[in-house]
Amino acid sequence: MKLTSLKLNNFRNHAKTEIELNPEINLISGLNGQGKTNLCEAVVFLSKASSPRTHQTSDLILAGQNSANIQASLAKKEGIVNFNFNINKEGDNEYFVNGNKITKMSELAGNLATIYFSPQELKIVTGGPQERRDFIDNDISMISGAYVNLLNRYEKVLFQRNKLLKFEKDIAKIIDTIGVWDIELAKTASRIIKIRKSFIKKLLPFAQVYLKELSENKEELNITYIGQPGEETEEIYNHLIKALEENLERDMELGYTLIGPHRDDIKFELNQTDARSFSSQGQARSITLALKLAEMKIITEELGEPPIMVFDDVFSELDTKRQKKLYDCVLGTQSIFTGTTFKFKPTTEFSQFKIVSGAVKEKKVKNT
Ligand SMILES: Nc1ncnc2c1ncn2[C@@H]1O[C@H](COP(=O)(O)OP(=O)(O)OP(=O)(O)O)[C@@H](O)[C@H]1O
Ligand SMILES: [Mg+2]
């Protein structure tokens with residue numbers, strides 16, 4: 001899929017930005033604080049109606065304005081998809097895809113898939129478990145509306161179970177009624193865990209290849225899901241039901257559920273050593289990039305066409321050899337790279353834009 005045009009109105013510091021994107025590589029340059037990340041954020045926002053930088057969509061509106069608007073045209077195998085997103089200070093946001101109003105976020109899945117890399121994404125490797133759960137959930141959500149629904153369902157059931165644990169003072173009553181929630185919880189949870197495990201299984205071989213390519217070393221990456229054991233849903237379900245029962249006393253003491261996909265983790269290992277605790281900054285960066293490129297492969301397989309790759313400020317941390325490698329890795333995929341300068345330009349087709357104070361000032365196109 002390729003974004004052909006992008007129009008921003010009052011989005012962050014972009015009062016009015018209109019760009020025609022190159023179907024291959026797009027280089028967005030500009031000094032610090034000019035609006036490069038803001039532009040990346042707009043592209044990512046179109047894919048999931050949420051920002052990688054803020055949970056408060058009102059932050060996205062240009063200061064002093066009441067609403068922001070993003071419009072874009074996406075060329076896909078099956079035709080053009082038009083996006084029109086209104087972000088409102090007061091009242092609900094309105095998201096239209098081909099003129100149809102999106103009522104459930106699961107309806108967005110499968111439309112526009114973006115993979116976003118920024119230096120902050122290193123937290124996937126170095127941050128807490130929540131970062132890794134978000135990473136995997138975001139990826140799967142991009143290709144499966146059913147998974148989005150499962151996550152929503154899980155959250156609701158978990159909320160009910162926690163409510164019972166926290167507010168019911170009569171222990172006998174908890175023991176009497178919690179079984180119903182346990183069954184519901186384990187049903188949804190086991191499906192979520194099964195999907196996450198299958199995703200990791202697919203991701204790993206690609207990530208291993210990309211890591212070797214980017215880091216030019218023989219480091220062996222391994223990824224393990226840390227949660228209930230079992231490969232099939234039924235097996236995971238049985239383990240989970242048992243674990244919930246065994247932990248009930250502790251859950252009652254704490255007033256919330258300690259076991260389930262909301263507490264699971266993903267372990268990245270380099271040569272059998274936990275990457276979270278032991279990897280260097282450079283290694284964490286290479287793992288993160290390898291994961292993002294592996295995601296690109298999986299999404300391409302699932303959707304039948306590549307997602308859009310958004311690399312915000314990736315080059316400030318990569319030597320020219322790796323920059324070239326990265327251009328090679330995304331060949332044939334539409335990609336957006338931002339940076340203050342581009343010392344090393346692609347040898348293939350690309351467009352270059354310059355942003356000054358939220359306005360696109362300059363454009364160069366190189367066709368090969
Ligand atoms: N809602 C908003 N209204 C107006 N301006 C905003 C809003 N949100 C952010 N900005 C401004 O946007 C600018 C930052 O833009 P952005 O993060 O895209 O910069 P950048 O070009 O990526 O810079 P860097 O190279 O430092 O990463 C800041 O000046 C900030 O004040
Ligand atoms: Mg930036």
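Q: Where is the place of Phe311?
A: Phe311 sits in strand β12, residues 308-311, where helices (H or I, at least four residues) and strands (E, at least two) are DSSP runs numbered from the N terminus. Before we go on, this is a predicted model, in which local features need pLDDT of at least 70 and side-chain atom pairs count only at pLDDT 80 or more, while totals for chains, interfaces and linings use all residues. Residues are numbered from 1 along each chain as its sequence is written, chains are lettered from A and ligands numbered from 1 in the order in which they are written, and side-chain values use heavy atoms, with hydrogens and water left out.

Q: Is Phe311 buried or exposed?
A: Phe311 counts as buried because its relative accessibility is 0%; buried means under 20% relative accessible area, exposed over 50%, and partly exposed in between, with a 1.4 Å probe and protein chains only.

Q: And which residues does Phe311 touch?
A: Leaving out residues up to four places away in sequence, Phe311 touches Phe117, Leu289, Leu293, Leu326, Val330, Ile336, Phe337 and Thr338, where contact means heavy atoms within 4.5 Å.

Q: Switching to Thr17, which strand is that in?
A: Thr17 lies in strand β2, residues 14-20, and counts as buried because its relative accessibility is 2%.

Q: What does the side chain of Thr17 make a polar contact with?
A: The side chain of Thr17 makes a polar contact with the side chain of His14 at 2.7 Å, and the Thr17 side chain also reaches the backbone oxygen of Gly358 at 3.0 Å. A polar contact is a pair of N or O atoms within 3.5 Å; within protein, one must be able to donate a hydrogen and the other to accept it, and residues adjacent in sequence count only if both atoms are side-chain atoms.

Q: What about phi of Gln272?
A: Phi of Gln272 is near 60 degrees, again a positive value in a residue other than glycine. Gln272 is in the loop between β10 (265-270) and β11 (273-274), and with 73% relative accessibility it counts as exposed.

Q: Helices now: at what angle do α3 and α4 pack?
A: Helix α3 (residues 129-143) and helix α4 (residues 145-167) pack at about 130 degrees with their axes 5 Å apart, the axes being lines fitted to C-alpha atoms, for helices over the stretch in contact, and angles running from 0 to 180 degrees between N-to-C directions. The two helices are therefore oblique to each other, since angles under 35 degrees count as roughly parallel, over 145 as roughly antiparallel, 65 to 115 as roughly perpendicular and the rest as oblique.

Q: Which residues make that contact?
A: Asp137, Ile140, Ser141 and Ile143 of α3 meet Gly145, Tyr147, Val148 and Leu151 of α4.

Q: What covers the buried residues of α4?
A: The cover includes α3, α5 (171-215), α6 (233-246) and α7 (248-254), and the buried residues of α4 include Tyr154, Arg161 and Asn162.
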